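The questions below test them on one model.

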Amino acid sequence: MAAGQVLYDTAAVVVAGACCFAAGSAAQRVKLPQITGYLVAGILAGPYGSRLISAPLLSALQPVESACLAVIAMAAGAELHLGELQRTRRQVLCITAAVIAASWAAVAVATEAVASSLPFMALRPRAEQLVIASLAGTLACARSPASAIAVLRETEGQGPYCSLVMAVVVVKDVLVFVMFATNLEVASSVMHRASSGGLAHLAHPAVSLAMSATLGVAGGALAGALLGPPPRALRLTATVTARLRGVVLVLVAAAVFAVAEAVAAEPLLACVTVGLVVANRKAEGGRGGEVPEDLAPAQAAIMPLVNPTFFGLVGCSVRVGALLGGAWVATVVAVVRGAAVWGGSWVGCKAGASDPVLSRRLWQGMITQAGIAMGLAKGVAARFPVWGPDFATLMIGVVLINMLAGPSLFRGAIVAVGEAKRRTARTHHEASSDMEPRVIPKGRPQLKVHSTPDVALTVLPGSAPVSPAVAKATAS
């Protein structure tokens, strides 16, 4: 009987995986994000749909989902290149701070205001409602770098506006992981305050964050060492080398995630730190400011599998009844977030002395959400199994709204400020699904973009990978 169950579960996973890939392709053909297809396929296959993937099987697949989430977090950290922030440091910091503050405060207040309409919040003590609202505000701060890159590729956007948007998006998403880890620790302290106390209770969040950073630095150093050139005697092709390095990244990220969980640290923050360390180490034989050219191909090699696996599993865990029942709340939260992003962008541009033309349009590049926000929502569900799944379902609804509305807003802004070099019939969603680099036509600086679920690296021919913001600025 046990052998028969194993055989059935294996077949179910294979069939569900094939359906996710097919649904992603179908979504692309009808001009929707591939992520949407993965989620829908997961919902239909999961315990709240056809039950092809049963609840016990979904629980058994939790380590796989954690490994995918670890890779996404690591890739987000790898997008931040510290040496490239000097030129626009004041603008980036002012806008990032203003957008984060406005988004967090507005969404937290809105979530608290509708708490009585949310079953998982209504009967909870006031203090617990406040920390849940704070978590919602934190998730509202997340953006989608890969979505932004896809729009830039589609329009061949180049110029100060595109560069500024990408710089803010990347810095903001890395800071969101720090905020999220802090919020989780505070929430844990509030939810479990009856079982602990004293100075140890108060110091636990700081200790956890410190352990997370330490684990991340150690994991980044290990990954950097393992990403070195393979022995020449093996005579591996570039494709094989990239895939092997991709496997190394997955193993290191998954190991750091597991260790962080075991020692009560924050696994997502630890994985972000891994990516940050790997991306900012010296290139082989290069100067300190160069970015290692082994990272982008390795990421591109693993993401086509990470994407459908993670988002398919996310879909399996979505509680369809709660998603439909909370649709109006998700809409309200999405609208409030959009207004807050607009206000925060305006204030940040004023404080950073940005060009008035850019100030009026910057908010349009800050709306889209995707994998990072969904990953954070899943992190809440895993940490707080009583109310976390319903919270995650609500936030996934918000993310879906922003994922559908954001790309068109960003595309329109690029055209309006005059930085769109090409208008094309290809949609953002088609562009975002490409895993092969696209080369800009002759006579213009050639850029290649490698996309990951929420991260993208832009490569100038004959040079090391650099961030999209710097590459666009160089090309312009």
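Predicted model: local features only at pLDDT ≥ 70, side-chain atom pairs only at ≥ 80, totals over all residues.

Residues are numbered from 1 along each chain as its sequence is written, and side-chain values use heavy atoms, without hydrogens and water.

Q: How do you know that the span of helix α7 agrees with its 15 residues?
A: Helices are DSSP runs of H or I with at least four residues, numbered from the N terminus. The expected span is 1.5 Å times one less than the number of residues. For α7 (residues 126–140) that gives 21 Å, and the end C-alpha atoms are 21 Å apart, so the two agree.

Q: Why is α7 called largely enclosed by the rest of the structure?
A: Buried means under 20% relative accessible area, with exposed over 50% and partly exposed in between (1.4 Å probe, protein chains only). Twelve of the 15 residues of α7 are buried, so the helix is largely enclosed. Among them are I132, L135, A136 and L139.

Q: What do the buried residues of α7 pack against?
A: They pack against α5 (89–113), α6 (119–122), α9 (160–191), α15 (327–351), α17 and α18. Contact means heavy atoms within 4.5 Å. F391 touches I132, L135, A136 and L139, among others.

Q: What makes a set of residues a nonpolar core?
A: Its members are buried Ala, Val, Leu, Ile, Met, Phe, Trp, Tyr and Cys residues, joined through side-chain atoms within 4.5 Å. The largest such core has 115 residues, and Y161, W387 and F391 touch the most other members. α9 gives the most to this core, with 18 residues. A second, separate core of nine residues includes A16, I53, L58 and L61.

Q: Why is a space called a cavity rather than a pocket?
A: On a 1 Å grid over the protein atoms alone, a 1.4 Å probe fits in a cavity but cannot get out; a pocket is an open set with protein on both sides within 12 Å along at least five of seven lines. Two cavities of 30 Å³ or more are found in the whole structure. The largest pocket holds about 430 Å³. Volume is the space filled by probe spheres on the points, which are joined across faces, edges and corners.

Q: Which element gives the most to the lining of the largest pocket?
A: Lining residues have an atom within 4 Å of a point. α18 gives the most, with four residues.

How values were computed:
Helix = DSSP H or I, 4+ residues; strand = E, 2+ residues; numbered from the N terminus. Lists of a residue's contacts leave out its neighbours within four places in sequence.
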